[in-house]
Amino acid sequence: MNVQRSTLIFAWILLLPAVLYVVVIVAYPLLDTFILSFTDASLKKTTNWVGWINYEKIFNTTFAEVIIRTFVWTFFSVAIKMIIGVFGACMLNAAVPGRALFRVLTMPPWIVPMAIGIFMWGWMYNGQFGMISGVLQNWGIIDGPIAFLARGSTAFWATIITDVWIGVPLVTLYMLAAMQAVPQDLYEAAWTDGAGRFYRFRRITLPLLIPSLITMSMLSLIATFNSFDIIWILTQGGPNGETTTMIIDTYRTAIGSKKYGEGAARAVLICIFLSIFCLAYFRVTSRLSAGESNR
Amino acid sequence: MSTQPAMINRYRWYELISIYAGIFLFLTFILAPFVEGFLVSLKPLGLLFTSPYKFWPENGSFAAYRTMWVSVPGFARYIFNSFFISIIVTAIVLILVVPASYAFARFTFRGSGLLLGAFLAVNMFSGAVLLIPLFRLMRTFGVLNTYFAMIVPGVAFLIPSAIWLLRTYMMRIPRELDEAAFVDGASHFYTLRRVILPIAMPGITVVAITTFIGSYAQQFIFALTFNSKTEYMPLPVGLFAYFGRQEVIWNELMAASFVGITPAIIVIFFLQRYLVSGLTAGAVKQ
């Protein structure tokens, strides 16, 4: 395609403000993080080049544990989000009276300021007075009060559940949109041939949903890996660091302890993982769309 | 969406029951925190801290909704701050994104695909990863502890999805319109301003709404890190004012939360159609 010179200039004029903005606020800090990770930058006036020391320090501490924990946390959070999201989408896709209202009622966790939803969960997890422990006791499922956020193992799952809660509306509405895009005549043809509801779901809906399912899981993976607010407000990474993920650890090192250099090294590590996810995402989506156009 | 329930969609009674049971289960999970939060806001503080747990508030009242303004006098200011920040963020995002999306939707040139990919990649890095250099950058600009410390980084991370959304929308506008204007001797700028912008208005509205919601919902980390002045705090950070030295004033915290989310709830009910289409644009290939 032959692009005229004036058109090209015009396109760049349109793009320039946004490009400049992102370069200054995202690209430059990214580069700066990388440089900082090789220095001992802190509140001190002077900053020295220290080479790989920050990275060596990372692996001398419990950071390997933190990395594993982050992956486990992310894996379960994404998996549960997808399961509940697809379940919710199936339910909301049913042509029953009231479904328009049900769809609206799905949105609040996504739309409300995250911190507010997290405060509410914080109260629910309270052992003495919170809803979950209280109801479970009233039903006789547990004997005494459980302070979910005060114990490592329960705090780990409590933060996951809250993360799931915030992520589910997006997954649900996305999968719902994908379900509604499935051509109706496929169902009608199958129905004419006597296929039952469950059979239609398994043989038509599910296969056609796979691309959207993969896309959403990847997007969800990236967002979940970056999750900060939830853990910070609920536990600040405690108790005993049992909910400390990479992001939390980085924040605590860099902003809490003001060890910018060491924090930057951790941030670089996060960026490396994110880039891998990102590449995988582009790989998968381009393959999916290529497969679609071949069909 | 089908207009009338066809034969294929007719459910047997047990199917209907299980669907409604499923919906009930799903919505219970989604809405339980709000129900609990609301009940907490009705309970007097003394009743809150009693065992055994009681679900319904006995002698509940809306007192917390009055006292919350007294306990934290700055609360109205926090809500204002949240709105103010979100409005400015939305305005800046639109100014940057509308021309850029048009360029991405209409012109293919060397590297345009790569550039779009680079924009989308910004989404991958949350603010948390870039906090240290951003902190230094804000300090260099001299905007730490001002509104701008929260506005400037907020904008950057809302640009990618806004571009993606608006580009998808603009690609649906027929190219013939541009060409017709061009044949009539209109300049590029004139075409954009007089032909494309009016037609793209619904799409721009969707982007504005989702950007506003995004900004209103995600003000936590930048506000926590880049601003320590009480008078500039947005709602999510301002709510920490209810965390007293001894104990958290939970009923007022919940009352304040509900007052704080009212704008969002109003937005949902009036604009939910836009929200869903904004959310799912690009999810489905035409």
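1. Domain bounds, as used here, come from an automatic or database domain assignment. For chain B, that assignment gives domain 1 (7-61) and domain 2 (70-280). Keep in mind throughout that this is a predicted model.

2. How far apart are the centres of domain 1 and domain 2 of chain B? Taken over C-alpha atoms, the separation is 32 Å. The two domains do touch: domain 1 of chain B puts eight residues into the contact, and domain 2 of chain B puts in seven.

3. Look next at the domain 1 side of that contact in chain B. Two elements, α1 and α2 (45-48) of chain B, each give two or more residues to this side. The most come from α1(B), with four residues. By class, the domain 1 side holds five nonpolar residues, two polar and one charged.

4. Now chain A. Chain A has 13 helices and zero strands. The C-alpha atoms fill a box of roughly 75 × 75 × 30 Å along the principal axes.

5. How much of chain A is buried? Of its 295 residues, 44% are. A residue counts as buried if 20 or more other C-beta atoms lie within 10 Å of its own.

6. Helix α1 (residues 5-36) of chain A packs against helix α6 (residues 131-141) of chain B at about 110°, and their axes are 8 Å apart. Because of that angle, α1(A) is roughly perpendicular to α6(B). The crossing of α1(A) past α6(B) is right-handed.

7. Which residues of α1(A) and α6(B) meet? From α1(A) come P29(A), D32(A), T33(A) and L36(A). From α6(B) come I132(B), P133(B), L134(B) and L137(B). By class, this contact has six nonpolar residues, one polar and one charged. Find these residues in the structure above, and the helix pair of point 7 can be traced.

Notes. Residues are numbered from 1 along each chain as its sequence is written. Chains are lettered from A and ligands numbered from 1 in the order in which they are written. This is a predicted model: local features need pLDDT of at least 70, side-chain atom pairs count only at pLDDT 80 or more; totals for chains, interfaces and linings use all residues. Axes are lines fitted to C-alpha atoms, for helices over the stretch in contact, and angles run from 0 to 180 degrees between N-to-C directions. Angles under 35 degrees count as roughly parallel, over 145 as roughly antiparallel, 65 to 115 as roughly perpendicular and the rest as oblique. A crossing is left-handed if the near helix is turned anticlockwise from the far one by less than a right angle, and right-handed if clockwise. Ala, Val, Leu, Ile, Met, Phe, Trp, Tyr, Cys and Pro count as nonpolar, Asp, Glu, Lys and Arg as charged, and the others, Gly among them, as polar. A residue is buried if 20 or more other C-beta atoms lie within 10 Å of its own, exposed if 12 or fewer, and partly exposed in between; C-beta atoms are placed from the backbone.
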